[in-house]
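This report describes a protein chain from its overall fold down to single side chains. The reader may wish to keep the sequence and the structure in view throughout.

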Amino acid sequence: MPVSIFSSLLPHARALGAGGGAKGGPSRSPAYSRAWAPVTISTSSLVIAATEGGPLGSLAKAVDDACGGLIGDMLESGDIHAGPGKITLIHKPAGIAAERVLVVGMGKADKLSMARFHRACLAAGKTVCSKS
């Protein structure tokens with residue numbers, strides 16, 4: 001079983017100009033079909049990103065919708081902290097194939113930098129490795 005999937009982090013990297021577009025520039029988040037939808041992927045850990053005070057990206061929103069709005073509710077109540085590199089682990093969320101969801105904080109969207117993106121990815125990676 002795969003350890004993790006970082007699909008919802010990619011739009012953040014692309015927004016910072018980290019590949020995906022022409023000459024390494026930004027590009028739009030890829031469209032995905034239901035067959036590839038993150039909620040259908042059988043994995044031990046599904047990693048999604050959240051920003052402080054911002055809306056969830058399309059892939060994270062698909063996971064949230066499949067979980068009945070759990071992630072959005074937890075963000076709103078403060079049970080998920082979206083500060084840079086903060087990790088919230090949700091065990092056995094209903095509605096998705098993953099065993100757990102890791103919500104990695106990206107901080108404020110307008111303060112997102114490549115350094116913050118790397119910090120968030122490292123935090124998620126360390127958490128995934130410690131749970132494997």
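This is a predicted model: local features need pLDDT of at least 70, side-chain atom pairs count only at pLDDT 80 or more; totals for chains, interfaces and linings use all residues.

## A charged pair in helix H2

Helix H2 holds both Lys61 and Asp65, which are four residues apart, about one turn of the helix. The side chains of Lys61 and Asp65 form a salt bridge, with 2.7 Å from N to O. The structure holds one salt bridge. Side chains of opposite charge can pair when their charged atoms come close.

| Residue | Relative accessible area | Class |
|---|---|---|
| Lys61 | 38% | partly exposed |
| Asp65 | 46% | partly exposed |
| His118 | 45% | partly exposed |

Lys61 is classed as partly exposed because its relative accessibility of 38% falls between the limits of 20% and 50%. The histidine of the table, His118, belongs to helix H4, which covers residues 114–131. His118 and Gly85 are 33 residues apart along the chain, and their C-alpha atoms are separated by 8.8 Å.

Is Asp64 buried or exposed? Asp64 is buried and has no salt bridge. The nearest side chain of opposite charge is that of Lys61, 4.2 Å away. No salt bridge is counted between Asp64 and Lys61 because 4.2 Å is beyond the cut-off of 4 Å.

Asp64 does have a polar atom of its side chain 3.4 Å from the backbone nitrogen of Leu70. Beyond its neighbours within four places in sequence, Asp64 contacts Leu56, Gly69, Leu70, Ile71 and Gly72.

## The chain as a whole

The chain contains four helices and four strands. Read from the N terminus, these elements follow the order β-α-β-α-α-β-β-α. The chain has 132 residues, of which 41% are buried. Of the contacts between residues at least 6 apart in sequence, 61% join residues at least 24 apart.

In strand S2, six of six residues are buried. In a regular strand the side chains alternate between the two faces of the sheet. S2 and S4 run parallel and are joined by five bridges. Within this pairing, Val47 stands opposite Leu102 of S4.

## The nonpolar cores

Which residues of the largest nonpolar core touch the most other members? Within this core of 18 residues, they are Ile48, Val63, Ile71, Ile90, Ile96, Val101 and Val103. Two or more residues of this core come from each of strand S2 (45–50), helix H2, helix H3 (70–77) and strand S4 (100–105). S2 supplies the largest share, three residues.

Leaving out neighbours within four places in sequence, Val63 is in contact with Pro38, Val39, Leu46, Ile48, Ile71, Ile96 and Val101. Another core, of ten residues, lies apart from the largest one, and its members include Val47, Ala49, Phe117 and Ala124.

Definitions and conventions:
Residues are numbered from 1 along each chain as its sequence is written. Side-chain values use heavy atoms; hydrogens and water are left out. Buried means under 20% relative accessible area, exposed over 50%, partly exposed in between (1.4 Å probe, protein chains only). Lys and Arg count as positive and Asp and Glu as negative; His and the chain ends are not counted. A polar contact is a pair of N or O atoms within 3.5 Å; within protein, one must be able to donate a hydrogen and the other to accept it, and residues adjacent in sequence count only if both atoms are side-chain atoms. Contact means heavy atoms within 4.5 Å. A nonpolar core is a set of buried Ala, Val, Leu, Ile, Met, Phe, Trp, Tyr and Cys residues joined through side-chain atoms within 4.5 Å. Two strands pair if DSSP finds at least two bridges between them.
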